[in-house]
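This report goes through one protein chain part by part. Look at the sequence and the structure first, then read on.

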Amino acid sequence: MQQREEQLRQEMIRLQQEFDKMTQELQSGLFLKNMLLAMWEVWPFGALPGALVLLFKLFWMATEVDSDESESSSDESSSSSEEEEEAPVNEWDVGRFLMQQMQVPVLHLAKRCKVVEALVGDLLHACHLITLNTPLLRLEQCIGVGSAFEGWSSHWDTVYSLLVPLKPPTGHCFHLELGAGGELPARHGRVRVELECVCLRQQLLGDVRCFLHRPEAELGRNQGPCLLQYLCSHSYLDVEKTACWFQLTAMNAWLLLPASHRCRLTVLRSSRSCKLRLEKVSGRSLSIEILFGVQQGDSRVFLTSQQARAGLPSSTTWLESCAVPEMLFFRFVARQAPQDSCHLTCLNLFARLLEGTGFSTYCLKTVLMHLLTVIPLSRWHRGHLLERVDGILQYLQRCLEDKQLHHFLLGNERVPREVPLPVAFQTASPLNLFQRLAQEPDAHAQALRDFRRLQVRLRSLL
Ligand SMILES: [Zn+2]
């Protein structure tokens, strides 16, 4: 009997030691490394999904407190998230990041995107109410764009971008003058504002006065400021004047919203957009950027107030943006792909690994969008994660060797019909985003060095 008790006691001690060791390894990240290595070894035999599930459970058990914190501030730049942002990229950072991506953030991001969209919608409605008597611009319903609304934003630096389509007020019309060139991938244009005769409407409804056929003095007295006079330069809609007008309007409109009693809204300095910082009493904050856009015909391609990397020639230059069709493409894929598709995780992973290299997230997003139309969506199941990551890297390598990466939406027959594009986009010649690499050998050599760094970072992770 005593011998049996001694055996049990020894067994308990052994189990306790093993448990302590596992806890220590989990805390130090060593366990994660071992698991990732094990995953890599067993992956060809189809055991990856099981290993990932196990890994999730263990990882979240060990970091329960941390995950609660990161979850509660996943879209908010709290001080802890800023520290995380500044932390150097290393394999544990990325390993943890990879795991987090596969757990909760997509759902949280979608939920918070809805909240932001509703809040900005309310703000626009209030803007509309306080500008009813000033025939300047009509603000249409906002459209969420960019990484957050595409579902792959890295949560520690999320800026929620929304595009607000602008329409001319009654008695005015917009004429778009598109000009190719400038910084790739975008093209640019100007928006000429013209007066329209509304005499007939004036006679029938009496709710407007025709700017074209009424003396200026009378209009000034009865109708308030005119769009051409206040928001245009040489008859062209001025981005900077528009942004300034909206910022002032938004600040006043905010005071009408019930949310203004609970949160503080700060309009940050921006010449071409409206950057808002929303702070709760708790100190947590939310970053929102509102861009303005003029729609090209019936398409979802806009001339927007977005800033160009190389700057723009004047304040009346608007940049052509495919942000809305790209967001719609990601929504299309989300509807068609398996529920646990890994394409957003892949993009998130690369976005993190790209830090410090010359590759933009737009470049990797373009690679991913091409691959999503080449590889069947059923093969983006979570179990194919490593295969897909490898595929993205190989695709990028081929593009670098050929010095050629085509813009996804221009002249690409593989773009699904569900993504509405102007006819000119469908018939256009492909646009090479790597044109600079073809023209500048030094830039190409640097890109190859950056690619090798990317390869090393991935290998150290996987
Ligand atoms: Zn008239």
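## Two helices and their lengths

The expected span of a helix is 1.5 Å times one less than its number of residues. The model is predicted, and helix 13 (residues 323-336) can be checked against this rule. Helix 13 has 14 residues and reaches 20 Å from its first C-alpha to its last, close to the 20 Å expected. The buried residues are Ala323, Val324, Pro325, Glu326, Met327, Leu328, Phe329, Phe330, Phe332 and Val333.

Helix 15 (residues 361-374) also has 14 residues, which should span 20 Å at 1.5 Å a residue; the end C-alpha atoms of helix 15 are 20 Å apart, which agrees. Helix 15 is mostly covered, with eleven of its 14 residues buried. Among them are Cys363, Leu364, Lys365, His370 and Thr373. The buried residues of helix 15 pack against helix 8 (146-150), helix 13, helix 14 (343-353) and helix 16.

## The chain and its confidence

The chain contains 19 helices and twelve strands. Of its 462 residues, 48% count as buried. Among the contacts with a separation of 6 or more, 67% are between residues 24 or more positions apart.

The mean pLDDT of the chain is 78, and 72% of the residues reach 70 or more. Over residues 22-93 the pLDDT is below 50, and this stretch has 95 contacts in the model beyond near neighbours in sequence. Residues 181-185 also have a pLDDT below 50; this stretch has 13 contacts beyond near neighbours in sequence.

## The zinc site

Which atoms coordinate the zinc ion? They are SG of Cys197, SG of Cys199, SG of Cys210 and ND1 of His213, at 2.0 to 2.4 Å. Along the chain, these donors follow the spacing C-x1-C-x10-C-x2-H. Cysteine 199 is in helix 9 (residues 199-204), and cysteine 210 is in the loop between helix 9 and helix 10 (216-223). The two cysteines are eleven residues apart, and the pair links distant parts of the chain.

Why is the arrangement around the zinc ion tetrahedral? The four donor atoms subtend angles of 104 to 123°, and four donors count as tetrahedral if all angles lie between 85 and 135 degrees. For comparison, the ideal angle for four tetrahedral donors is 109.5 degrees. Two of the cysteines can be compared by accessibility. Cysteine 199 is partly exposed, with a relative accessible area of 22%, whereas cysteine 210 is buried, with a relative accessible area of 0%.

## The nonpolar cores

The largest nonpolar core has 55 residues. Tyr160, Leu237, Phe246, Trp254, Ile288, Ile290 and Phe292 touch the most other members of this core. Helix 7 (residues 105-130) supplies the largest share of the core, nine residues. Apart from this core lies another, of 54 residues, among them Cys322, Leu353, Val419 and Leu421.

Leaving aside neighbours within four places in sequence, phenylalanine 292 is in contact with residues including Leu163, Val164, Leu166, Phe246, Arg272, Leu303 and Trp318.

## Glutamate 279

Glutamate 279 lies in strand 9 (residues 274-280). Is glutamate 279 buried or partly exposed? At 22% relative accessibility, glutamate 279 counts as partly exposed, because buried means under 20%.

Glutamate 279 and arginine 262 are 17 residues apart along the chain, and their C-alpha atoms are separated by 8.9 Å. Arg262 is one of the residues in contact with glutamate 279 when neighbours within four places in sequence are left aside.

## Two residues with positive phi

Most residues other than glycine have a negative phi. Histidine 234 is not a glycine, yet has a positive phi of about 50°. Histidine 234 lies in the loop between strand 6 (232-233) and strand 7 (236-237), and at 76% relative accessibility counts as exposed.

Lysine 403 has a positive phi of about 55° and is not a glycine either. Lysine 403 is found in the loop between helix 16 (385-402) and helix 17 (423-427). At 29% relative accessibility, lysine 403 counts as partly exposed.

Note on methods: Residues numbered from 1 in each chain as written. Predicted model: local features only at pLDDT ≥ 70, side-chain atom pairs only at ≥ 80, totals over all residues. Heavy atoms only, no water. Donors = N, O, S within 2.8 Å, 3.2 Å for Na, K, Ca; no water. Tetrahedral: all angles 85-135°; square planar, octahedral: opposite > 155°, others 65-115°. Helix = DSSP H or I, 4+ residues; strand = E, 2+ residues; numbered from the N terminus. Buried < 20%, exposed > 50% of the residue type's maximum accessible area, 1.4 Å probe, protein only. Core = buried A, V, L, I, M, F, W, Y, C linked by side-chain atoms within 4.5 Å. Contact = heavy atoms within 4.5 Å. pLDDT = per-residue confidence, 0-100.
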